Every structure is written in C-alpha cells, then in structure tokens.
Amino acid sequence: MQSFDGRAKADAAPRAHHLTLSINNPTVRAILWQIGLGLLVALAGWYLASNTMANLARLSIASGFGFLDREAGVQIGESLIATGPRDSYGDIFVVGLLNTLKVSGVGIVLATLLGILLGIARLSSNWLVARLAAFYVETIRNIPLLLQLFIWYALLTEGLPGPRQALEPMPGIFLSNRGLKLPAPADDPVWAWVAVLFALGVLVTLALSAWNRKRQLATGQRLPMAPIGAALTLLPPLLAVLLAGGGALDVPVLQGFNFKGGMTLSPEFAALLFGLTLYTAAFIAEIVRSGILAVPKGQTEAATALGLSRGTAMRLVILPQALRVIIPPTTSQFLNLTKNSSLAVAIGYPDFVAVANTAINQTGQAVEGVLSIMIVYLVISLALSGFMNWYNRRVALVER
Amino acid sequence: MTEIVNKAASLPPNRPRLGLWAWARANLFSSWYNGALTLTFAYIAWLVIPGLVKWGFVNASLNGDAAACRAAGGACWSFIAEKWRFILFGTFPDDQQWRPTLAILATIATLVISADRRTWGRPLLFIWGGGLGFAALMMFGGVLEMDFVPTGLWGGLPLTLALSVVGLGASFPLGVLLALGRTSELPVMRGLSVVYIELVRGVPLISILFMASVMLPLFLPQDVPIDKLLRALIGITLFSAAYVAEVVRGGLQAIPRGQVEASKALGLGYWQRQRLIILPQALALVIPPLVNSFIAIFKDTSLVIIIGLLDLLSTAKSALTDPAWRGFYKEAYLFVGVIYFLFCYALSRYSRHLETVLGRGRKR
C-alpha cells in the first residue's frame with residue numbers, strides 16, 4: 001500500500017524527468033542508444049575499410065572505377081549491340097547489362113502467361129488437367145533452380161545432335177547442340193509494309209472496338225472482338241510476307257559444319273530462359289490460384305445468374321478482382337526472376353554478373369566489381385517495383 | 001394441389017452417381033472441351049510414359065560399365081551405384097563415411113523432433129544444441145580416436161545440410177534483431193535496419209556470395225585466415241537474415257497495439273516487453289512462413305558451387321566429369337533432384353499442415 005502511494009505521488013508530480021539529463025530519462029536513453037549504435041556501425045565500417053585499404057595496397061591492386069575505360073581484351077559471344085575485341089570494360093558491362101535485361105524481360109512475359117494458364121488449370125473442373133498442373137507446380141517449386149538450369153543446359157547441348165544431324169521440327173527451324181536456329185527477317189522492303197499494315201490493323205481494331213462498345217450499350221449485342229482484332233492486326237502483315245515470297249526471310253541453311261544465316265538462340269540463352277520461365281511460372285501459378293480462390297464464390301454465382309459464360313465470367317468478373325490480390329506478390333516474383341537471371345554465370349550466358357565476374361578475375365578489383373553488380377540490380381529492382389506499384393494503384397479497389 | 005404432390009412423389013429417384021464411369025463423366029468429360037482436354041493429355045501421356053518406363057526400367061542397366069550402359073540404351077543406374085558415395089559425401093575419407101552418415105541422420109532427427117509442437121520452447125534449444133553438436137562432432141572428428149577432417153574435405157549432402165541449417169540458425173537471431181529495428185521508434189535503428197534489409201533483398205544471392213568469397217578476405221586483417229565454408233556460411237547468413245527479418249516483421253505487425261500498451265502499463269521495459277509479451281506471440285504466428293524461408297535457403301545453398309564449394313549439386317556435377325562415365329547427366333541430376341525434392345516437399349507439406357493446425361484457434 002505504502003509503495004502504491006509513493007508511486008502515485010511521483011506520477012502526480014509534474015513531468016520533471018523530461019527536463020533532467022538523467023540516465024533514467026527515456027528520451028536521453030533513446031538518444032544514447034542511437035548514438036552508441038551509430039558509433040558502433042561507423043567503427044565497424046572504418047575497421048573494414050582500413051583493412052581493405054591495407055590489403056589492396058599490399059596486393060598492389062588499383063582502386064576506383066578507372067578500369068572501366070581500359071581495354072578488356074575479351075570478346076562477349078552474345079550481344080544485342082556490336083562488340084569487338086578492343087572493347088573497354090565499360091563497353092562489356094553495357095553488353096552484360098543488356099543481356100540481363102533481355103533474358104529477364106522475355107522471361108517475365110513468358111512466365112506470366114504460363115503462370116496464369118497453370119494457375120487456372122489447377123482449379124480446372126477437369127481432374128486430369130488439375131492433377132497435372134498440381135504435379136508440375138509441386139515438382140518445379142521443390143527443386144533448386146540451378147539444378148534445373150544444369151538439366152536444361154545439358155539437354156540442349158549434350159542431348160541434341162550436331163548441326164549436320166539437326167532436328168527440324170518445322171521447315172526452316174533447326175535444333176542442334178549449337179542452339180536453336182530460326183528464320184530471321186531479311187533486309188527486304190516488305191518489312192516496311194508489314195509495319196504499316198500492322199499499325200493500320202491496330203488503328204482499325206481500336207476504332208472498331210470503340211464502336212462495338214457503343215453498340216453494345218445501345219442494343220446489348222456485341223461482336224467477338226478478340227478474334228476480329230487478332231485477324232485484323234495479324235493477317236495483312238502475314239499476307240504481305242507470304243506475297244513477298246522467299247526474299248523476306250533469311251532462312252538458316254547448313255554449310256559445312258555449321259549453319260549460316262537466320263537467327264540464333266544460343267543453348268545458354270535458351271537454357272536460362274526455359275529454366276527461369278518454368279521455375280517462376282510455378283510460383284506465379286500458386287499466386288494466381290490463391291488470388292482466384294480469394295474472390296468470394298458469390299461473385300461466380302452472380303455472374304452465372306447474369307447469364308455470363310464461364311470464360312466471360314472469368315475475364316470480366318473474377319480476374320479483375322483477383323488481380324488486386326495477385327499483383328503485389330507477383331511483383332516480388334518478377335524481382336526474383338530478374339535476380340535469379342544472375343545464375344547465368346553458372347551455365348556461361350554472358351549476363352551482367354558473368355561479365356563483372358570476368359572483370360573481377362582480370363583486374364582483381366573485387367570491391368568495384370561487386371559494388372557495380374549491387375548497384376545495377378538495385379536500380380533494376382527499384383525501377384521494376386516502381387512500375388508495378390504504379391500498376392497496382394491503377395487496379396486497386398477504389399473505395400467511395 | 002394433390003395432383004402436383006403426387007406427380008412429384010412418383011418421379012423416379014435420382015440415379016446414384018457412383019462408380020468409375022459416373023466419376024469419369026463428372027470429372028473428365030463434363031463438357032465437350034473438358035473431354036477434348038482429357039483426350040489430348042491422355043494422348044500425350046500415351047506418347048511419353050512408355051518411353052520413360054523403357055528408359056528407366058526396361059532398358060536400364062543396374063550393373064556393368066559405361067559401355068554396357070550405352071549398349072543397353074536406357075538409364076545407367078550403375079553410374080549411380082558407382083558414384084553415390086562421392087555424390088552424397090564428396091571427398092570425405094572413404095573409410096570414415098559412417099561419420100557423415102551419422103551426421104546426416106542426427107540433423108534429420110533434430111529437424112523431425114523439432115517439428116513436434118510439444119518440443120517448442122526451451123527444450124528445443126537443447127535438442128538443437130545436442131543434435132547439431134553431435135553432427136559437428138561427427139564431421140570434424142579429432143577426438144575419440146576419430147581423425148580430424150578439415151572442412152575442405154567436406155562435401156555432398158552433409159555440406160548442403162550444414163549450410164542451410166546453420167545458415168538459418170544463425171540468421172534467425174540477426175533477423176529478429178533487424179525486424180525489431182525496423183519496427184522500432186528510434187530513427188537511427190529504423191534507418192539502419194531498413195537500409196540493410198532493402199539493400200540485401202535488392203541484390204542476388206550470387207553477389208553476396210561473391211562478396212563473401214572475394215571481399216571478406218580483403219575486409220579482415222592479413223593474418224586472419226578464414227576458411228571457404230565459413231565464408232559461404234557468412235554470406236548465406238547475411239542474405240537470409242534480411243528475408244527472415246521481413247517474415248518476423250509480418251508477425252510483429254500482426255500483434256495488436258493493446259499488447260504493447262498493456263505491457264507498458266505493467267511497467268515492463270523495452271527488452272522485457274519484447275521477450276515476454278511481443279516476440280512469443282509474433283514468432284508463433286510466423287512459423288509457417290519461416291519454414292518456407294528454410295526451404296528457400298535449402299534450395300539456394302546450391303549456389304555455393306559458384307564459389308567452389310562441393311555441395312550436393314556440385315558433387316553430382318563433378319561426378320559427371322569422370323572420363324570413364326561421360327554423358328550420364330540425366331541419372332546424376334535425377335538422383336540429386338529426388339533428394340532435394342524429398343527434403344523440400346516434406347518441409348512444404350509440414351508448413352501447410354502447421355498453417356491449418358495453428359490457424360484453427362484463430363479462425364472462427
């Protein structure tokens with residue numbers, strides 16, 4: 001009782017402890033804690049930095065980013081821009097960065113499509129389809145990506161015949177241990193026409209769908225826009241290419257021991273792309289599935305009661321609501337795919353990490369090399385998550 | 001009125017929907033496109049499965065050398081029979097391989113025992129200390145007439161388990177501290193934690209492993225030798241701590257504010273509050289996602305091949321470089337793939353089971 005009274009008196013007194021500089025004052029203590037931690041971190045940083053300086057001086061390794069202008073003396077096999085043996089480290093860094101962006105960009109698009117398909121398939125009323133999708137997802141998710149990359153790479157190099165016995169699944173497409181050879185657009189005036197026709201098709205489709213929407217509001221009838229739009233945009237360019245005949249396409253042909261002409265998907269790129277796409281698609285499938293399951297069953301029933309078919313209900317009612325649940329975790333899957341593309345170094349695809357690793361091995365400037373890897377991935381991550389947050393805000397529920 | 005009642009009563013009963021045929025109609029051929037899908041996939045299975053059976057069983061060779069395998073044309077299981085010791089144990093001395101076997105069993109037993117909820121709490125510390133201590137003793141040796149085996153000779157499954165279990169164990173306290181820092185009211189703590197977490201989560205694990213393997217020796221004074229396994233462990237710990245921190249933060253944010261206020265009203269200080277009130281509740285909430293983090297770490301340890309450690313995946317890969325056994329990559333990768341799968345699948349089933357069991361009390 002006595003002690004209770006004592007406390008009550010102390011608390012009743014004016015809040016004197018806010019003014020005293022006592023160690024018992026919470027504010028003072030908070031400041032001291034923070035100063036202490038700040039000092040500790042700074043001290044650790046200084047210790048590591050001074051050790052690094054001493055070690056670098058002892059090993060006589062240069063520091064700074066001056067090496068970016070020096071000649072690298074390596075030729076990158078695969079590049080989106082022109083390369084040469086006299087490229088500087090800066091040049092090959094750009095090549096590596098573009099390669100990273102290429103495989104991540106294509107991978108994100110393909111993984112999203114496949115993931116949505118698999119997520120819906122897992123919820124299919126067809127037992128066989130649902131089981132197969134579940135089997136796929138469970139298998140792929142529980143095996144390390146690197147192992148899958150090794151398997152794909154081995155299948156695409158050791159598992160395939162040489163160029164002379166190349167498989168030809170379709171005319172003009174060759175599959176051999178030198179990679180996938182595809183017909184490429186040749187230097188021909190027809191491609192200008194193709195571009196014009198495609199643009200025209202898109203414009204006509206946009207106009208038609210606006211008219212279609214108006215008509216639907218007025219009469220309740222609508223045209224099936226998806227097939228019409230596809231036909232309008234794709235058929236005229238295809239016709240143009242067919243009319244131009246053989247000159248439009250640069251078809252790969254076997255000459256001696258290898259192919260000439262056409263476009264090449266190297267085994268490294270193909271293995272990395274397959275691996276990343278199939279692996280990430282399994283994770284996206286699970287996200288899509290849980291997103292669809294998060295939409296209340298009443299929504300499906302209401303859509304059926306309105307007379308919408310299963311496909312239309314999915315497209316107009318279920319998916320737009322599911323997207324709100326799906327987008328945030330999918331964003332982190334996109335980021336994971338981009339970061340995982342750094343596994344390229346294990347199968348020899350010249351992505352940014354592989355190129356930076358080469359630079360580290362040649363110059364010994366590990367600090368700068370690792371630092372540039374981190375900066376590049378941080379910038380990509382921030383840009384991607386910025387874009388996805390913007391998209392998320394667009395589809396987010398607008399409350400009254 | 002009676003007319004209608006009578007008519008309804010005279011309708012034949014619903015035909016029971018039982019039997020294989022009724023099941024197939026409901027689940028495989030409920031509409032024309034479902035029927036078409038079923039037939040398409042059944043056809044693909046018809047094309048693929050006989051080939052796989054032929055490869056894996058009919059034409060497979062269980063013994064004999066590489067030439068015999070190539071002649072048979074199927075899977076070469078004799079390659080696995082020849083190399084399984086190397087793939088599982090790496091370069092650990094041949095006559096001592098009962099030791100890594102015991103270490104693996106001890107680690108698995110530790111994991112299985114700690115999966116039982118009755119052991120959660122203080123006993124868990126003793127179980128982990130005992131189990132992992134025994135595993136470490138077996139691996140290192142040096143006492144009880146066992147030869148000392150340096151970490152440079154470790155490889156295969158014990159290395160993978162050591163990296164993932166020790167990696168998770170070490171990153172857990174660091175992750176909890178980072179999560180507390182990120183939810184703290186003190187700006188310096190919060191700022192440092194946010195910067196660390198976001199920096200690490202924004203970069204790939206490979207770059208952290210590179211940093212650990214090439215920069216760590218630069219960071220430390222010249223006369224401090226630091227072994228390769230320890231470098232990889234430090235890298236994996238620093239990496240997964242950021243992910244564990246985010247998981248724990250989710251749990252911290254799920255605790256109602258009233259709990260903090262009530263514990264403040266009781267006169268508890270910050271650390272007492274966290275230790276006695278907040279963390280026990282928050283950590284119980286995040287055990288299923290923590291198991292998922294463990295799965296991710298377990299798979300990610302395969303990346304140490306890039307800094308030259310001989311884990312389960314890289315032993316398989318180096319077994320393939322034996323000139324006498326060229327080209328049997330399917331068998332080798334299938335073998336280690338199954339091992340990875342068994343661990344990860346068991347863990348993911350366990351995580352899902354926990355979610356339902358732990359969710360039972362919270363769901364209404």
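Reply: Angles under 35 degrees count as roughly parallel, over 145 as roughly antiparallel, 65 to 115 as roughly perpendicular and the rest as oblique. Axes are lines fitted to C-alpha atoms, for helices over the stretch in contact, with angles from 0 to 180 degrees between N-to-C directions. Helices (H or I, at least four residues) and strands (E, at least two) are DSSP runs numbered from the N terminus. The model is predicted: local features need pLDDT of at least 70, side-chain atom pairs count only at pLDDT 80 or more, and totals for chains, interfaces and linings use all residues. Residues are numbered from 1 along each chain as its sequence is written, while chains are lettered from A and ligands numbered from 1 in the order in which they are written.

Me: How are H6(B) and H7(B) oriented to each other?

Reply: Two packed helices are described by the angle between their axes and the distance between the axes. Here the axes of H6(B) (residues 98–115) and H7(B) (residues 122–140) come within 8 Å and cross at roughly 170°; the two helices are therefore roughly antiparallel.

Me: How many residues does each chain give to the contact?

Reply: Residues are in contact if their C-beta atoms, placed from the backbone, lie within 7 Å. Chain A gives 44 residues and chain B 42. H2(A) gives the most to the side of chain A that touches chain B, with twelve residues.

Me: Which strands stand at the edges of the sheet in chain A?

Reply: Strands pair if DSSP finds at least two bridges between them. The open sheet has the order S1-S2-S3-S8 (chain A), with antiparallel pairing. S1 (167–170) and S8 (263–265) of chain A stand at the edges, each with a single partner strand, so one side of each lacks a neighbour in the sheet.

Methods. Contact = placed C-beta atoms within 7 Å.
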